[in-house]
Amino acid sequence: MEFKHISVMLDECIAGLNIAPSKVYMDGTLGGGGHSSEIAKRLDSTGTLVMFDLDKTAIEFASKRLEPYSCRKIFAHRNFKDFKEVLAENKIAGLDGILLDLGVSSYQIDTPERGFSYIADGPLNMAMDADSSLTAEVVVNEYTESELERIFRDYGEERFSKSIANAITKRRREKKIQSTLDLANIVSSAVPAKFRFNSGHPAKRVFQAIRIEVNGELARLNETILSMFREGLNRGGRMCIITFHSLEDRIVKSAFNLLSSDCICDKRLPVCVCHHKAEGVLINKKPIVASNVELASNPRAHSAKLRIIEKL
């Protein structure tokens, strides 16, 4: 299957990065290379673009897509949370712009064999890194009922997490759960009929929760954002982050608020005792969302939020 992915808020991200031709940029979530190709297009032969992805297919496709551009291109089959090691290995002292698109690529969703879809049948996988030993099948069949309930509640904000976890553990005693549609049907049956399609497919939140667990998407996200900003970004550099669900967005919002605040004391205190100083300034006070024009051609951008901060 051809690697197809429509980059979300492409123009807004490129404008937000404020790209200079000879500087150093990082795309922590390469995907199909849509954002990266637009960054590379604006760099000259003295500029550098560092790109991360856990999906080898994404790197293979994007490396060909970026061939026409003259900048120094570094592809890392690593999690962006390993940015310090990759920068050190390539003797890069600092970055002038960082982009993180925390969503799953359309290619991964639309390829049934990857196991991300609750609509098309495929194996229970959901691992962005094909070499990962932890898959959705392991989570669904080997995690305890209480662990499943916690994941669905905490990572999917699923109100029926208890009944869904119970339904899964009952079914797997009879037969191992191995396909996406089997899981989707089990989840649907555990959701009361009157709530089943209140906010999209009844399995949507559960699949999101399992995907987050399999790929460790929220683990160390807050500390990585702070570390990237403080240790990776040069003064005047910008960090742009796109989120797709409230859990991610709360983490990004909280980190950006901390970095852009002069005082983080309890508001009940009469005077500041923390002596915290702002390290950055928010470029957009409220998150940027996709335009109606973009949503008409790419409905998957509906829940996307873009936040941008510049280092002082």
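Is Asp249 buried or exposed? I found Asp249 buried, at a relative accessible area of 7% (buried means under 20%, exposed over 50%, partly exposed in between, with a 1.4 Å probe and protein chains only).

Before going on, I noted that this is a predicted model, where local features need pLDDT of at least 70, side-chain atom pairs count only at pLDDT 80 or more, and totals for chains, interfaces and linings use all residues. Residues are numbered from 1 along each chain as its sequence is written, and side-chain values use heavy atoms, leaving out hydrogens and water.

**Salt bridges.** I searched the whole structure and got 16 salt bridges (a side-chain nitrogen of Lys or Arg within 4 Å of a carboxyl oxygen of Asp or Glu).

**Asp249 and its partner.** I saw Asp249 pair with Lys305 in a salt bridge, with 3.8 Å between the closest N and O atoms. This pair links distant parts of the chain, 56 residues apart: Asp249 sits in helix α12 and Lys305 in strand β7 (residues 305-311). Helices (H or I, at least four residues) and strands (E, at least two) are DSSP runs, numbered from the N terminus. Lys305 is partly exposed, at 32%.

I then looked up Glu157, which forms a salt bridge with Arg250 at 3.1 Å. Glu157 lies in the loop between α7 (145-156) and α8 (161-174), and Arg250 in helix α12, 93 residues away.

**Within α2.** I found Lys41 and Glu38 three residues apart in helix α2 (residues 34-41), about one turn of the helix. Their side chains meet in a salt bridge of 3.0 Å, N to O. Glu38 is buried at 18%, while Lys41 is partly exposed at 45%.
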